[in-house]
Amino acid sequence: MSAPPLFGPAFDADPSPAYDWLRAHSPVHRVDFPGGASAWLITRYDDAVEALRHPALAKNPELADERWRRSEMGLPLDHRPGLVASVINRDGADHARLRRAVTGAFTPRRIRPVREHAERLTVQLLDRIAERGHGDLVVELAYPLPMAVICDLLGVPESGREELHHWALVIDSSDDTDGSLVREATDALEVLVRALVEGKRRNPGPDLVSDLIAQQERGELTADEVTSTAFLILIGGHETTVGLIGSAALALLTHPEHADRARTDPGVLAEVIEETLRLHSPLQNATWRFPTAPVEIGGQRIEPGDPVLVSVLAANRDPARFDRPTEFVLGRRQRHVAFGLGPHICIGAALARIEGEIAIGTMLRRLPGLELAVDPDSLRWWPSPITRGLYNLPVRISP
Ligand code: HEM
């Protein structure tokens, strides 16, 4: 018996049947990716938890086998030292040092103005839809809000934001079959990130990039680590939150009974965000891991250098862990792994939750007669094997 397809529009729209098959028949499954790389895909919740915490599953891509390195599934390492030297690609003491380097950006004092700007911007974005009587919640809310938040956090001046947004969009959600569009966007973003860092060297401010430069000047970070960290926060903190906001809006448009409760009860709103993270995990696969020694997970032996992907989406829909796993159920007690676990657990989780609650809470309060303008089955999900989100979410306001 062979595994069902793990790529293509049918899988993107409803990955559950394929994940159910894998969990039952091949829970640690060898997958060949279109770009030429192969990886072991982990789909059961308990195996996912073990893998995310496993000390012999490292993040440094230099440990990967030759096929993976040639396939450009990650960034082409040899060519981009200024983009890959960040916390997500490091282990041990280096990882701890790079993680500490960004924590200052997430303190309540730093987050307060970011949050206030997010609240004002959300009102403006939604008022445009309200005036028109119809719009697209992904294009007009889910994209621009996280981009503005990340730019505030990094200290990107207003004049540089549009171009950054344009190229980040290409990386997030392009239908890129041969990788050339993503390569072009990565080139452009590298130039923009370097220009941002040089600008902040001359003119520092109360932002993350200026913090990183100060750490470089104290000898705590290299120049490549400064640009790589800014790049990681830009990409990692943007597209995931776009996915969260779009999927949460869809969940409420298709479950008006939850929308009514979430409109007035902040506790219910927080549950909506958690259940969206579980059911539509915006980072559907955690990032690549590479064994430093032979590892056994779910009965499968994995050799050193063999790439491993943990499907947090499949784990979050595992019926052994969650009752009625494909339904949107508020108030679940079991913890999901949408933000990962272990040493690489998401740094921006609290910020992402704040953004989700601002976007969805404001949407419910300001656009009470909101409804979907299309059949939910016609909506298109990104084709990415890494992220999960909607391209569009057309809505209208009923009179
Ligand atoms: C809904 C939104 C988000 C989701 C679902 C998400 C998910 C994740 C996951 C699953 C990981 C672990 C990856 C792994 O172990 O391979 C991770 C790591 C990370 N996330 Fe997020 N993330 C979100 C938002 C953000 C935001 C807003 C930021 C920054 C502003 C951010 C920054 C990071 C960073 C820097 C790491 C790497 C941590 C490390 O390697 O130690 N994320 N995220």
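Me: Let's start with Ile273: which residues does Ile273 touch, and how do you know that they touch?
Reply: Leaving aside residues up to four places away in sequence, Ile273 touches Ala248, Arg353, Gly356, Glu357 and Ile360. Two residues are in contact if their C-beta atoms, placed from the backbone, lie within 7 Å, and these pass that test. Bear in mind that this is a predicted model, where local features need pLDDT of at least 70, side-chain atom pairs count only at pLDDT 80 or more, and totals for chains, interfaces and linings use all residues. Numbering starts from 1 along each chain as its sequence is written.

Me: How far apart are Ile273 and Arg353 in sequence and in space?
Reply: They are 80 residues apart in sequence, yet 7.0 Å apart in space, C-alpha to C-alpha.

Me: Why is Ile273 called buried?
Reply: A residue is buried if 20 or more other C-beta atoms lie within 10 Å of its own, exposed if 12 or fewer, and partly exposed in between; the C-beta atoms are placed from the backbone. Ile273 has 23 such neighbours, so it counts as buried. Ile273 is found in helix α16 (residues 266-279); helices (H or I, at least four residues) and strands (E, at least two) are DSSP runs, numbered from the N terminus.

Me: And Arg324, is that buried or exposed?
Reply: Exposed, because Arg324 has 9 other C-beta atoms within 10 Å. Arg324 sits in the loop between α17 (312-316) and α18.

Me: What makes the phi of Arg324 worth a look?
Reply: Phi of Arg324 is near 40°, a positive value in a residue other than glycine. Most residues other than glycine have a negative phi.

Me: What makes a nonpolar core, and how many residues has the largest one here?
Reply: A nonpolar core is a set of buried Ala, Val, Leu, Ile, Met, Phe, Trp, Tyr and Cys residues joined through C-beta atoms within 7 Å. The largest here has 110 residues, and those with the most contacts inside it are Ile42, Leu154, Ala230, Ile245 and Ile360. Ala230, for one, touches Leu154, Val193, Leu196, Val197, Val209 and Leu212, again not counting residues up to four places away in sequence.

Me: How do you know that β1 and β2 pair?
Reply: Two strands pair if DSSP finds at least two bridges between them. Five bridges join β1 (residues 28-32) to β2 (residues 38-42), so they pair, and they run antiparallel. Val28 stands opposite Ile42 in β2. The two strands form a hairpin with five residues between them, and Gly36 in the turn has a positive phi of about 110°.

Me: Why do β1 and β8 count as edges?
Reply: Three strands form an open sheet in the order β1-β2-β8, with mixed pairing. β1 and β8 (308-310) each have a single partner strand, so one side of each is left without a neighbour in the sheet. Three bridges join β2 to β8, which run parallel, and Leu41 has Leu309 as its bridge partner in β8.

Me: Last one: which residues come nearest the ligand?
Reply: Of the 25 residues around the ligand, Gly237, Thr240, Gly340, Cys346 and Gly348 come nearest. A residue is near a molecule or strand if its C-beta atom, placed from the backbone, lies within 6 Å of it. Helices α13 (223-236), α14 (239-253) and α18 (349-366) each supply at least two residues of this shell.
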